[in-house]
Amino acid sequence: MIKANDPTLHSWIQISPDSDFPIQNLPFGIFQTAEKDARMGVAIGSYVLDLCVLGQYNLFELIDIDPTIFHRPYLNDFIALGQPTWRAVRNRVSELLRTDNDEISGNSDLMHQCLIRMTEAEMLLPVKVGNYTDFYSSLEHATNVGQMFRDPEQPLLPNWRHIPIGYHGRASSIVVSGTDVYRPTGQTMGPEQQTPIFQPTNQLDFELEMAFIAGKDTPLGYPVPADAADEHIFGLVLLNDWSARDVQQWEYVPLGPFLSKSFATSISPWVVTLDALEPFRVKGPEQLPRPLPYLEFTGHRNYDIQLEVLLQPAESPEVTICQTNFRNMYWNMSQQLAHQTSNGCNLQVGDLYGSGTISGSEPGTFGSLLEITRQGKTPLTLPDGSQRSFLHDNDSVIVRGYAEKGGIRIGFGEVRGKVLPAI
Ligand code: CA
């Protein structure tokens with residue numbers, strides 16, 4: 001077992017039992033404050049630990065690392081150092097935060113400089129994303145959508161159980177949690193229309209997803225086998241793939257979604273490492289028919305992560321509209337990565353790979369309003385009495401997620417975004 005995951009570890013920092021960030025998590029992110037420019041931090045309880053300051057105090061001197069790497073506006077340079085280095089830094093941070101270590105706790109000047117309350121830190125986009133791929137890997141989501149748009153008897157297209165379906169998305173409009181999103185304007189062709197019109201979308205939706213961040217460059221031409229995928233994955237974030245359904249429905253034939261998705265994609269700021277999630281590996285669903293050999297894998301490659309989506313109208317409290325789990329994804333991340341590189345396409349550090357909308361098959365587990373309201377046919381009634389077929393202006397969507405076992409909760413925090421009126 002990775003020592004930093006030991007459930008018996010405790011920190012000298014007081015951490016609430018319902019915190020997403022106990023000493024067993026230690027996710028990486030980029031933050032700034034009124035006094036500090038952008039730099040690397042680690043989440044611990046309700047604090048951000050400033051790695052830049054720890055580097056200045058030579059607390060990483062036993063690791064072969066240039067401490068100026070922590071003073072960058074993105075994690076990419078750090079990630080490029082490779083899995084042994086991420087692991088060594090996480091292990092060292094764990095050691096420094098334990099009750100039996102006083103290297104920080106015994107130095108009040110250092111402690112004052114390196115611990116920042118989360119309320120005083122502004123979280124920034126953690127990685128510079130060069131390439132963004134979005135998969136479509138939830139069997140339940142693909143089935144729900146196929147039943148609505150195609151054939152209730154044959155909801156899945158013939159390729160679905162053979163290929164981890166995906167498309168290349170837009171990297172420039174990936175934003176961090178807290179960034180407001182303008183309602184997009186686009187071309188639509190409703191059933192009553194004779195010709196298309198150009199107007200703000202009437203069917204703005206969210207998609208509940210998780211995403212992994214590539215941790216290693218690969219050369220062109222070289223596929224990554226599914227069993228080697230883990231060392232190419234730095235960690236995971238929550239993702240909201242904002243979608244304009246009316247635009248999507250008109251534009252998606254024959255090449256797939258384009259402007260209905262590219263206006264914004266929101267991610268959570270803390271990257272939870274695969275190391276921290278190791279205790280939450282679970283077996284995925286049985287895959288029939290058996291995938292082709294290049295998609296075969298050994299071991300357990302799904303993760304038990306509880307997920308929820310909340311909707312918050314402008315003047316009302318947030319309300320939970322979806323609860324589901326990442327564990328049931330049909331295609332796992334190792335297969336997605338093997339498929340992405342199977343044609344020799346190269347990976348770059350910081351690339352983002354969305355899971356696709358995560359839905360269950362029961363009401364209450366659907367990861368998009370498209371599914372929840374049956375494309376607007378069965379609107380949601382909120383506690384304030386208002387109804388939603390799709391998102392209204394000034395609605396906020398909040399996605400939260402955590403893995404929990406034996407009283408240890410490895411959380412992701414949240415990804416939040418508010419809809420602003422079209423420009
Ligand atoms: Ca999506």
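Modeller: Asn-394 is placed in the loop between strand S24 (387–388) and strand S25 (396–405); strands are DSSP runs of E with at least two residues, helices are runs of H or I with at least four, and both are numbered from the N terminus. This is a predicted model, in which local features need pLDDT of at least 70 and side-chain atom pairs count only at pLDDT 80 or more, while totals for chains, interfaces and linings use all residues. Residues are numbered from 1 along each chain as its sequence is written, and side-chain values use heavy atoms, with hydrogens and water left out.

Colleague: Why does Asn-394 count as partly exposed?

Modeller: The relative accessibility of Asn-394 is 30%. Buried means under 20% relative accessible area, exposed means over 50%, and partly exposed is what lies in between, with a 1.4 Å probe and protein chains only. Asn-394, at 30%, therefore counts as partly exposed.

Colleague: What is the phi of Asn-394?

Modeller: Asn-394 has a phi of about 70 degrees, a positive value although this residue is not a glycine. Most residues other than glycine have a negative phi. Leu-26, in the segment before S1, also has a positive phi, near 55 degrees, and is likewise not a glycine.

Colleague: Why is Leu-26 called buried?

Modeller: Leu-26 has 1% relative accessibility. This value is under 20%, so Leu-26 counts as buried.

Colleague: Why does Gln-249 count as partly exposed?

Modeller: Gln-249, found in helix H6 (residues 245–251), has 41% relative accessibility, and this value falls between the two limits, so the residue counts as partly exposed.

Colleague: Which residues is Gln-249 in contact with, leaving aside its neighbours within four places in sequence?

Modeller: They are Phe-149 and Gln-375, where contact means heavy atoms within 4.5 Å. His-232, by comparison, is 17 residues from Gln-249 in sequence and 35 Å from it in space, C-alpha to C-alpha.

Colleague: What makes Arg-39 a buried residue?

Modeller: Arg-39, in strand S2 (residues 39–44), has 9% relative accessibility; because this is under 20%, Arg-39 counts as buried. Residues that Arg-39 touches, beyond four places in sequence, include Ile-30, Phe-31, Val-53 and Phe-70.

Colleague: How is the chain divided into domains?

Modeller: The chain consists of domain 1 (28–124) and domain 2 (132–420), with bounds from an automatic or database domain assignment. About 1400 Å² is buried between them, 67% of it from carbon and sulfur atoms; this is the accessible area (1.4 Å probe) that two parts lose on being put together, summed over both. In domain 1, Phe-28, Ile-79 and Trp-86 lose the most area to domain 2, together 37% of what that side buries.

Colleague: How many salt bridges does the rule find across the interface of domain 1 and domain 2?

Modeller: The rule finds one. A salt bridge is a side-chain nitrogen of Lys or Arg within 4 Å of a carboxyl oxygen of Asp or Glu. The closest N and O atoms of Arg-87 and Asp-275 are 2.8 Å apart, so this pair forms a salt bridge.
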